[in-house]
Amino acid sequence: MKKLFDVTLQNRKRLYKILTETPKEQLLEIPAGFNNNIWWNIAHTVITTQVLVYKFSHLKMRVSDELVQKFMKGTTPDGTATDEEMMIIADFLISTLEWMVEDYEAGLFQEYKEYTTSAGVTLSSTDDALAFNAYHEGLHSGAITALLKVVGK
């Protein structure tokens with residue numbers, strides 16, 4: 001698991017850099033041919049990890065229900081974001097991962113509600129969710145890379 005957490009941390013550091021260094025208008029732009037933007041993809045990675053790892057382990061998520069409703073699977077961006085909301089997600093990129101490592105090492109993840117992802121992968125444990133999360137974040141990192149090329153960064 002240590003390597004899996006490290007891979008996720010490196011991705012999260014990259015996302016943090018993109019979120020904090022890319023002009024807001026580029027983060028929010030939804031280019032022709034795309035159904036989301038850089039901002040939504042970054043926030044979605046934070047939210048999805050919380051749902052897959054915490055919610056399905058019957059533990060309290062570290063993010064608000066409002067953020068979950070706005071960025072969970074099946075949502076689309078509205079092209080807006082407040083500076084405060086962006087700061088919260090920027091902070092959550094690293095802090096939620098640090099808390100997850102602490103909670104994992106403390107043995108808090110005992111139960112898991114089996115879940116089959118839209119990719120057809122059935123998750124039966126927290127370890128399964130963490131492995132799938134690396135794949136999921138990779139997909140969204142690829143989308144972010146494509147979006148960055150289109151919006152001009």
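Guide: Buried means under 20% relative accessible area. Keep that cut-off in mind for this predicted model.

Visitor: How many of the residues of α3 are buried?
Guide: Helix α3 covers residues 38-54. The helix is mostly covered. Of its 17 residues, the number buried is 17.

Visitor: How far apart are the end C-alpha atoms of helix α6?
Guide: Helix α6 has 26 residues, 126-151. At 1.5 Å a residue, they should span 38 Å. The model agrees with this, because the end C-alpha atoms are apart by 36 Å.

Visitor: Which helix supplies the largest share of the lining of the largest pocket?
Guide: The largest pocket is lined by 21 residues, and His-44 and Thr-48 are among those nearest its centre. Three helices, α3, α4 and α6, each supply at least two lining residues. The largest share is 6 residues, and it comes from α3.

Visitor: Which residue forms a salt bridge with Glu-137?
Guide: The closest N and O atoms of this pair are 2.8 Å apart. Glu-137 lies in helix α6 and its partner in helix α1, so the pair ties together parts that are 125 residues apart in sequence. Glu-137 is buried, at 2% relative accessible area. The partner is Arg-12.

Visitor: Is Lys-17 buried or partly exposed?
Guide: Lys-17 forms a salt bridge with Glu-21. Both lie in helix α1, 4 residues apart, about one turn of the helix. The relative accessible area of Lys-17 is 47%. Buried needs under 20% and exposed needs over 50%, so Lys-17 is partly exposed.

Definitions and conventions:
Residues are numbered from 1 along each chain as its sequence is written. This is a predicted model: local features need pLDDT of at least 70, side-chain atom pairs count only at pLDDT 80 or more; totals for chains, interfaces and linings use all residues. Side-chain values use heavy atoms; hydrogens and water are left out. The expected span of a helix is 1.5 Å times one less than its number of residues. Buried means under 20% relative accessible area, exposed over 50%, partly exposed in between (1.4 Å probe, protein chains only). On a 1 Å grid over the protein atoms alone, a cavity is a set of points where a 1.4 Å probe fits but cannot get out, and a pocket is an open set with protein on both sides within 12 Å along at least five of seven lines; lining residues have an atom within 4 Å of a point. A salt bridge is a side-chain nitrogen of Lys or Arg within 4 Å of a carboxyl oxygen of Asp or Glu.
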